[in-house]
Structures are given as structure tokens and as C-alpha cells.
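Subject: A structure to look at, with notes

Hello,

I am passing on the structure that I have been reading through, and I would be glad if you opened it beside this message. Please look it over once before you go on to the notes.

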Amino acid sequence: MARDLKLQVVLQGLNRASKPFREAGRSAIGLGRDLKATRAELKGLQAQQSDLSSFRALKGQTEQTGKAMQASRERVRQLSQQLRDTEAPTKALNQQFQRAIREATSLKAKHAEQQRELQGLRGKLSAAGISTAQLGQAERDLKAKVTAAAESCALSDAVIASNTSTLPI
């Protein structure tokens with residue numbers, strides 16, 4: 001019985017001595033999970049920021065391509081009118097006309113492709129809850145979310161570092 005009592009006292013002492021380590025371990029595991037979730041959220045927000053930047057850049061390119069396409073169509077129309085007005089069109093005029101048609105066709109295809117990409121990005125942003133109608137506000141909101149998530153990650157990293165550096169070894 002004395003031996004059982006002695007064993008029980010030793011085990012209780014070990015249990016009390018190891019309690020801070022168990023609590024620190026549980027706390028570190030919880031912080032680690034939170035940090036992992038926050039980093040995943042930050043990664044998602046950064047992807048949204050990238051999509052938003054891509055949308056803005058692609059929209060500008062699409063507008064430029066549209067203007068170039070209109071100018072090219074106008075050039076084709078002018079050359080077509082010249083060909084109709086001329087009794088015997090020159091070889092150079094025919095070549096200019098064919099070149100203008102190829103350019104207009106190329107620009108039309110490029111513009112259509114850009115429109116498809118733009119629609120895909122618009123859908124992706126819409127699925128993330130970002131309205132492309134108000135890009136400026138969406139960018140500001142997203143920047144604030146990214147900043148908050150980054151600060152949260154930094155705070156969690158600091159807590160984990162302080163918890164591990166104060167453990168008695």
C-alpha cells in the first residue's frame with residue numbers, strides 16, 4: 001500500500017509538472033490550425049487581387065483592340081469604296097485591300113478572344129463576391145481584407161514564436 005501511495009504521489013507530481021507542456025502543446029496546435037486557415041484565406045484573397053488586376057488590364061487592352069478594330073473596318077470600307085470607284089484598280093490597291101481585310105479579321109478574332117477572357121474573369125470575380133461594375137471599391141475592400149489577413153498571420157507567427165521561446169527546457 002505504501003508503494004502504491006508513493007507511486008500515486010510520483011505520478012501526480014509528474015502530471016502537475018507536465019501540465020504546462022500539455023497546455024502549450026494544445027495551444028500551439030490550435031494556433032497552428034488558425035494560422036494555416038488564415039494563410040489559406042490570404043492566398044485566396046491574393047488570387048482575387050491578381051484576378052482583379054488582370055481584369056482591369058484586360059479590359060483596357062480589349063478597349064484598345066476594339067478601337068483598332070473599328071479603325072481597321074473603316075480602312076477596309078474606304079479601300080472597298082476606292083476599288084468600286086476605280087475602273088481598273090491597281091495591283092497595289094488590291095494588295096492594300098487584302099492586307100486591310102486580313103488585319104480587320106485578325107483584330108476581330110483577337111477582340112473576341114479578349115472578350116471571352118474578360119467574361120471568364122468577370123464570372124470568377126462575381127463568384128468571389130466582387131462586382132466588376134465598381135472595380136475601385138472592390139479593390140479597396142480586397143486590399144483591406146488582404147492587409148487584415150496578413151496582420152493576423154504575422155500576429156499568429158509572433159504568438160507561436162513567443163510561446164515556443166518561453167518553454168522551460
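Residues are numbered from 1 along each chain as its sequence is written, and side-chain values use heavy atoms, with hydrogens and water left out.

The confidence comes first. The predictor gives each residue a pLDDT, its confidence on a scale from 0 to 100; the mean for the protein chain is 82, and 88% of its residues reach 70 or more. Among the elements, α2 has the highest mean pLDDT, 94, whereas α3 has the lowest, 73. Where pLDDT is low, the predicted coordinates should not be read in detail.

The protein chain holds three helices and zero strands, in the order α-α-α along the sequence. If we take the contacts (heavy atoms within 4.5 Å) between residues at least 6 apart in sequence, 81% of them join residues at least 24 apart.

Next comes the inside of the model. A nonpolar core is a set of buried Ala, Val, Leu, Ile, Met, Phe, Trp, Tyr and Cys residues joined through side-chain atoms within 4.5 Å. The largest one has 16 residues, of which Leu42, Leu45, Leu52, Phe55, Leu125, Ile130 and Leu142 touch the most other members. The elements that give two or more residues to this core are α1 (2–85), α2 and α3 (135–165). A second, separate core has seven residues, including Leu79, Leu83, Phe97 and Ala104. Returning to Leu142, and not counting residues up to four places away in sequence, we find that Leu142 touches Leu45, Gln48, Gln49, Leu52 and Ile130.

After α2 comes Gly129, whose phi is positive, near 85°. Among the buried residues of α2 are Leu93, Phe97, His111, Gln114 and Leu125.

Which residues does Gln114 contact, leaving aside its neighbours within four places in sequence? They are Leu58, Gln61, Thr62 and Thr65, and the C-alpha atoms of Gln114 and Thr65, which are 49 residues apart along the chain, are separated by 8.7 Å. Gln114 counts as buried because its relative accessibility is 7%. His111, also in α2 (residues 91–127), is buried with a relative accessible area of 16%, and beyond four places in sequence His111 touches Thr62, Thr65, Gly66 and Met69.

Lastly, a search of the whole structure finds three salt bridges, each being a side-chain nitrogen of Lys or Arg within 4 Å of a carboxyl oxygen of Asp or Glu.

- Lys124 and Asp51 meet at 3.5 Å, N to O; the pair links distant parts of the chain, with Lys124 in helix α2 and Asp51 in helix α1, 73 residues apart. Asp51 counts as buried, because its relative accessibility is 14%.
- Arg77 and Glu74 meet at 2.4 Å, N to O, and both lie in helix α1, three residues apart, about one turn of the helix. Arg77 is partly exposed at 47%, and Glu74 is partly exposed at 33%.
- Glu113 and Arg116 have their closest N and O atoms 2.9 Å apart, and both lie in helix α2, three residues apart. Glu113 is partly exposed at 35%, whereas Arg116 is exposed at 52%.

With best wishes

Note on methods. This is a predicted model: local features need pLDDT of at least 70, side-chain atom pairs count only at pLDDT 80 or more; totals for chains, interfaces and linings use all residues. Helices (H or I, at least four residues) and strands (E, at least two) are DSSP runs, numbered from the N terminus. Buried means under 20% relative accessible area, exposed over 50%, partly exposed in between (1.4 Å probe, protein chains only).
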